[in-house]
Amino acid sequence: MTTYTLSARNLPLDDSWDVIVLGGGPSGCAAAAAAAREGARTLLVEATGALGGMGTGGLVPAWCPFSDKQTIIYRGLAQTVFERCKAGEPHVAPDALDWVPIAPELLKRIYDELLAEAGAQVLFNSVLAAVEPAAAGEGGGVGTVVVADKRGLSALRAKVYIDGTGDADLCAWAGAEFQQGDETGDLMPATLCFSLANVDEYAYRHLYRGGNRLHSGNPQSPIYRILESGRYPLIPDAHLCNNLIGPGTVGFNAGHLWNVDNTDPVGVSRALAQGRKMAAQYRDALAEFCPEAFGNAFLAATASLMGIRETRRIVGDYVLTLDDYLARRGFPDEICRNSYFIDIHHSKKEVEAHTRARSEGLHLPVRYAAGETHGIPYRCLTPAGLRNVLVAGRGISCERAVQGSIRVMPVCLAMGEAAGIAATQALRGHAGDVHAVVPDRLRQRLRELGAYLPSP
């Protein structure tokens with residue numbers, strides 16, 4: 001590839017921030033809200049026009065479980081967001097904890113309000129464009145970030161940065177070590193979620209939602225007849241998660257798009273166009289094979305964000321392992337607990353071979369019994385070699401198998417709150433050094449704010 005050298009230029013610089021969070025998904029929103037609530041002057045930079053990431057722009061139709069099948073374990077800000085979302089959905093039982101539908105427009109406003117209440121500033125439609133290292137003698141880390149928006153390029157500077165991009169863009173561009181995909185670089189497939197409106201709600205509830213008959217886990221699901229018919233070639237497999245997200249409106253997390261790397265904008269652009277074609281075929285197929293519920297349905301929306309399950313994982317001060325997960329291990333510096341199963345979506349080769357074999361030798365999803373959880377250490381949020389950077393969300397330091405569990409929204413919210421509090425403790429007591437944060441002090445503050453942190 002040929003290269004081009006930018007001409008020297010002076011950029012406007014805003015260096016008034018204590019904490020800058022890059023990325024406004026669940027982890028970034030919780031991090032920014034937590035840091036601002038602790039009194040830090042906090043800026044959240046978001047590439048799109050709305051907060052929430054996969055739950056809003058990504059149209060993921062349901063929350064993964066908030067409980068360990070006994071009690072809610074993602075508490076604090078995570079529980080606040082979850083309960084506010086449920087309160088605005090009359091069709092959701094107040095005591096529901098697992099696979100609760102998401103109303104995306106409602107959730108956008110909830111995140112807006114959360115950040116406003118905490119006092120964090122939000123900069124929408126602004127994309128991270130470059131990362132400048134800290135000056136010599138400052139111990140390594142990030143000095144300045146450059147963002148691109150309607151003003152052109154501008155520089156922002158803070159004492160501590162939190163990477164909530166999902167793809168660990170800030171860390172990678174700052175020179176941190178990272179891993180991506182399996183040992184060959186293959187990634188889990190992506191999904192473009194969508195919603196169908198004008199669904200016959202009575203038929204959906206009683207013919208298809210009862211017993212979850214549409215889901216691929218049910219051998220009687222119509223998706224198998226759709227695939228066998230051969231009339232809808234763009235529908236790639238049986239993946240068909242669905243939830244009633246509003247009156248007569250069903251959200252779908254359905255189908256897979258392979259060979260999509262979110263760090264490759266050309267590939268993502270192709271996949272978005274392909275995903276929209278797939279969504280139209282799902283509508284037509286469901287109208288034909290489930291006419292009672294979907295005969296008059298129309299495709300109301302496709303997601304503006306591609307549903308990405310994995311890209312980069314940083315190498316932090318600790319790498320959470322599959323053995324840790326299987327041992328239900330606790331840690332003295334854990335900042336939250338997690339109980340979601342190891343959910344690695346199969347590769348195209350595995351589908352073609354008609355097998356559910358999973359990466360890392362996992363042939364079936366690993367599921368915990370009721371009440372079982374594992375801890376996530378604070379050290380998984382601290383990138384090795386970067387003094388003033390934290391990461392929260394699916395890019396934390398872990399083995400690939402474990403990433404299949406910690407990548408979902410409830411645990412991302414919990415990690416984000418911990419990162420936001422840790423950032424303020426780093427800048428006040430340790431000159432911005434996130435590795436110097438005292439775990440006991442961080443855990444004490446999390447407990448004061450309602451976090452679920454049983455004795456390890």
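The model is predicted, and local features require pLDDT of at least 70, side-chain atom pairs count only at pLDDT 80 or more, and totals for chains, interfaces and linings use all residues. Residues are numbered from 1 along each chain as its sequence is written, and side-chain values use heavy atoms, with hydrogens and water left out.

Asp-18 lies in the loop between strand 1 (13-14) and strand 2 (19-22); strands (E, at least two residues) and helices (H or I, at least four) are DSSP runs numbered from the N terminus. Asp-18 counts as buried because its relative accessibility is 17%, the class being under 20% relative accessible area, with exposed over 50% and partly exposed in between (1.4 Å probe, protein chains only). The side chain of Asp-18 reaches the backbone nitrogen of Arg-41 at 2.8 Å.

Helix 1 (residues 26-37) packs against helix 3 (residues 104-118) at an angle of about 20 degrees, and their axes are 8 Å apart. Axes are lines fitted to C-alpha atoms, for helices over the stretch in contact, and angles run from 0 to 180 degrees between N-to-C directions. Helix 1 and helix 3 are therefore roughly parallel to each other; angles under 35 degrees count as roughly parallel, over 145 as roughly antiparallel, 65 to 115 as roughly perpendicular and the rest as oblique. In this contact, Pro-26, Cys-29, Ala-32, Ala-33, Ala-36 and Arg-37 of helix 1 meet Tyr-111, Leu-114, Leu-115 and Ala-118 of helix 3. The residues of the contact comprise 9 nonpolar, no polar and 1 charged (Ala, Val, Leu, Ile, Met, Phe, Trp, Tyr, Cys and Pro count as nonpolar, Asp, Glu, Lys and Arg as charged, and the others, Gly among them, as polar).

Helix 1 and helix 3 are also among the elements covering the buried residues of helix 2, as is helix 12. In helix 2 (residues 77-87), the buried residues are Leu-77, Ala-78, Val-81, Phe-82, Cys-85 and Lys-86.

Helix 12 (residues 409-429) in turn packs with helix 13 (residues 439-448) at about 125 degrees, with axes 10 Å apart; the two helices are therefore oblique to each other. Glu-417, Ala-418, Ile-421, Ala-422 and Gln-425 in helix 12 meet Arg-441, Leu-442, Arg-445 and Leu-446 in helix 13. This contact divides into 5 nonpolar, 1 polar and 3 charged residues.

Note on methods. Contact means heavy atoms within 4.5 Å. A polar contact is a pair of N or O atoms within 3.5 Å; within protein, one must be able to donate a hydrogen and the other to accept it, and residues adjacent in sequence count only if both atoms are side-chain atoms.
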